[in-house]
Amino acid sequence: MAIWAPGRVNLIGEHTDYTGGLAFPMAIQLGIELRGRVGGNRLRLETDIGIDPLDAALPIDQLSKIPPRWRIAAATAARAAPNTGLSATLGSTLPASAGLSSSAAIEAAVALALGAPAGDPRTALLCQLAEHDAGTPCGLLDQLAVICGREGHGMLIDFHTGHFDHVRIPPDARFVVVPSGQERDLRSSPYAQRLAECRAAADLVDLRSASFDDLGAIDDPTIRRRARHVVSENRRVGEFGTRLAEGDLHSAGELMSESHYSLRDDFEVSTPVLDALVSELLATPGVLGARLTGAGFGGCVVALCESDVDLGRGWAVVPSTGAHRLTN
Ligand code: GLA
């Protein structure tokens, strides 16, 4: 049996998933391939890059005893089919800790290997809960993009209703992901702190319907800035979807850059390295917009470029299909 699970790049809509906001990710052509067989009563996983393999008896009752690098895979297996054995090798074309959702891709690959349905938002939910079990309090963005992506399309997701639309990406839009060289890890980043700050804001205003004036009800200036990012970002995402569908790449690019400034100034999840990279890219002819992508605190920048631009670095990413079975 073989499974393919892509990574994803979030084009816009950052730190909005866990407050019931909007985001616009797409699954990409880089990802994880899992090859193996189901059966027996152990979870045996190895990689093709020589990391210590995992060999655990089922059911897995204590994730804390699983080596950290395998915890997400083990947590997913425990949720998907706790008593079904799996022996598999994982190969990856995704850079780890770059903000391209290698974790969600691993979750999707393991979940599908153990019988979870492809293309189903419930599989995305299962993977998100597994990631929570493994200690990362993430939203649903990555898992939904990785499981429900469609070739040639991005996804406009409304996390309030759970509804999403596949939006065609114009063929002349070239998205390039450029690594900053700063590695990130959600468990050690202030991600949980931002989550708590957004919850504090949501106790005072409805972040989905609030106007900028409404944010005056929040006394704490830090919490107010976090809320301003969420409110302004939701507006940008809606507008981005419209502009992209119209083929107005210049406006779409500007919205991406504005998103970066909001993440830098109001949400404070950028770093000097990411800011310098964004400035450098925006000064490059043919680059229409650039922003950090993913949680921030390092990772990658995504740039929207005119179709003939070659940045000479990073990965040109194309909208790709979600996780699926390659062979039975
Ligand atoms: C990480 C999380 C997502 C989302 C982004 C920020 O990728 O896994 O749920 O919150 O950060 O937009």
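1. A disulfide here is a pair of cysteine sulfur atoms within 2.5 Å. By this rule the protein has 0 disulfides. The sulfur of C127 has its closest cysteine sulfur in C138, and because the two are 9.7 Å apart, they are too far for a bond.

2. A word on the basis: this is a predicted model, in which local features need pLDDT of at least 70 and side-chain atom pairs count only at pLDDT 80 or more, while totals for chains, interfaces and linings use all residues. Residues are numbered from 1 along each chain as its sequence is written, and side-chain values use heavy atoms, with hydrogens and water left out.

3. Are these cysteines buried or exposed? C127 counts as buried, at 0% relative accessibility, and C138 counts as buried at 5%. Buried means under 20% relative accessible area, exposed over 50% and partly exposed in between (1.4 Å probe, protein chains only). Across the protein, buried residues make up 56% of the 328 residues.

4. Now the overall shape. The C-alpha trace spans about 60 × 45 × 35 Å along its principal axes.

5. On contacts (heavy atoms within 4.5 Å): of those in the protein with a separation of 6 or more, 71% join residues 24 or more positions apart.
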